[in-house]
Amino acid sequence: MGVMKLKDFKFSTKLVLGFAVLIIFSLCISIFSIIQLRTISEQVKLIYKHPLTVSNAVRDINIHINGIHRSMKDVVIAETTAELDSAVNLVNKYNEQAIDAFDIVFQRFLGNMDDVQLAYRSFIEWGIIRSEVIDLKRRGLDKDAAAITTGKGARHVNELFQKTKVMTDFAKSKADEFLIESEERYKSTQNLLITIIALVVVLSFLLAYLISRSILKPIQKFISEIRLLYQKAEAKVGQVAYDSEKELFKITVNELKEAYISIQETNYELQNLNVDLDEKVKERTIELEKNEIELKQRNEEYALVNERLRQTVEELKLAKEKAEENDRLKSAFLANMSHEIRTPMNGIVGFAKLLQKPGITENKMIHYIKVIVDSSNQLLNIVNDILDISRIETGQIEIFKEQTDIYELLNETVSFFALKADEKNLQIDFNCELSERNSIVNIDKGKLKQILFNLVSNALKYTEKGSINIICKLKNEMLEFAVNDTGIGIHRKEHEKIFDRFNKVVVSSKKLYGGTGLGLSICKGYVEALNGKIWLESEAGKGSTFYFNLPHERIETPFEKILTEKQKEKEFNNPTILVVEDEDLNFSFIQELLDDKKINYIRAKTGKEALELFRNNTNIDLILMDIRLPEMDGYTVTRKIRMNNHEIPIIAQTAYALAGDKEKAIKAGCNDYIAKPIIEEQFNYLIGKYLA
């Protein structure tokens, strides 16, 4: 007897062998998975044992703090200006590196962020102490500088080290926690995998048993019936008695093949009989489908033509309505602007000619000058309104968000309009219901200020007696403002169109109110650009309340506010202002304003001259910085000054009164901004703000 081959085995033997191979393969895969799982676990341990980024960053912070502390001692003991500058530069270098390390901690620290905020705030406060020491040293007060460094400064450094230690301890604890968790997860995963392997083995044996029972019995029954069939037919009886299962199947397949060939020949004859009929049916079907496709194409073409005609009619209708509306707006704009521009121009030209007449009295001269100034301001407001509405209509509004104190902005608004309110014997006030924590927000201060100024200006215009009140509160996570007046009110039917361009309130009285009709349209454009909403409540004869809301983006750590409070605490005695202005006419105007207040001033005509005067005069308390200057522009001068001095107030004053100019000045290092032509009230407010 020869050696049996795989093809000679019975079906049951083959099936059992196949399942055995499957089980062996599953066991190999499982063992390999366990080995890989152990390798992954070891790698996880290495990951969490070593790269403790936060600990390294806090370590760097402590190193830089030590470096700053040592350099501050060098500042105190410096004997020459070069030594002092070198020590200060080293302090600034360590300060920047410490801030970079703080950024890493802010990004990756997993603990209580209040601990990081507390440490960072303490570091910033230490910067103020260092600036004070450097300032005292530059002024020659070595003993005072040394006293602060060894006293308040040293204590602050110790407190700062205690606060950074909290972050280091947490980072180490978190790393240990990760390691323990990794080891526990490895053990649980290993146990789970062993359980799954055992379950797979049991299920494989059970599956093999069930498959054998479900497949082998029908196969064996089928083989028995084939043998019986051949025996009844007395065909190949001797052969089938000893043939294997495979040979028996082969004989059966051959018999079936012969029967199939016979059936195919019969079917072929039948198919030939039906060929002619099928061809005729096919030709007719193709003809009908072709006719249907042509009809469908024509219907689609007709539908497309109808749709194009409908769209064309709609477009023509919309174009006609738009053309009529544009024509109406154009006519209204030209007529309104002609009247609004000619009115102040007539006042300027007419009273300027009256000033030329000889022999006019001083009282008349003062009156004429007041009319000319008021008309000039009116004309300037008209130009500003036209520029603002143009930017809104063309979608060119740019948003420049900055840190803003809502309480201070409302106070500034009321202070600006207080004199005009007194002239009309009106009471003006504001009520800010925001807490100190919620009043410092990130918002476009310039646009918010213009919205408030437009609404308050309208309220003053249309109110003859009573009061005007500005309210601000937090409602549904939004800042909600309200400007309330006791004026003439607005009829309900005009509420919908009150925010349209060139729309003005229609009153039954004979009194005429000036204005371009653009103020409320500008307010609406700015409010919507800031993702807010504006609306009103008003009744004719009972006053009006204009509401608008804006997103409330609270600022967590208002460092600028802390710095401003420090500046307000400083008292100025006989202040001196550096006026950087190249135009003689502009300087003469500023000179008159400062002479009235008995404030000392120094003038610089170029950027380089401004830098030289500032470095050679330590008694300068404030800088009025023009932007467009010969040799070096105001932005560059400001940045150079800020490299060594962060406390001196700098107010930018420029004729570039476009969107973004204020933000560019603030970014360069200026504290505030005033646009030309300079308004005396605004000038007085800013000077008082930084010198009071």
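Contact here means heavy atoms within 4.5 Å.

## Model and confidence

This is a predicted model, in which local features need pLDDT of at least 70, side-chain atom pairs count only at pLDDT 80 or more, and totals for chains, interfaces and linings use all residues. Residues are numbered from 1 along each chain as its sequence is written, and side-chain values use heavy atoms, with hydrogens and water left out.

The chain has a mean pLDDT (the predictor's confidence in each residue, from 0 to 100) of 79, and 77% of its residues reach 70 or more. Do treat residues 557-572 separately: pLDDT stays under 50 there.

## Around Phe548

Let's start with Phe548. Beyond its neighbours within four places in sequence, Phe548 contacts Leu448, Ile451, Leu452, Leu455, Leu479, Glu480, Phe481, Val527, Lys533, Ile534 and Trp535.

Phe548 also belongs to the largest nonpolar core, of 43 residues, where it is one of the five that touch the most other members, with Ile406, Leu410, Leu448 and Phe481. Such a core is a set of buried (under 20% relative accessible area, 1.4 Å probe, protein chains only) Ala, Val, Leu, Ile, Met, Phe, Trp, Tyr and Cys residues joined through side-chain atoms within 4.5 Å. Helix 11 gives the largest share of this core, eight residues.

## Helix 17

Helices (H or I, at least four residues) and strands (E, at least two) are DSSP runs, numbered from the N terminus. In helix 17 (residues 661-668), the buried residues are Asp661, Lys662, Glu663, Ala665 and Ala668. They pack against helix 11 (445-461), helix 16 (634-642) and strands 1 (402-405), 11 (650-654) and 12 (672-675). Just after helix 17 comes Gly669, with a positive phi of about 125 degrees.

Conventions
Buried < 20%, exposed > 50% of the residue type's maximum accessible area, 1.4 Å probe, protein only.
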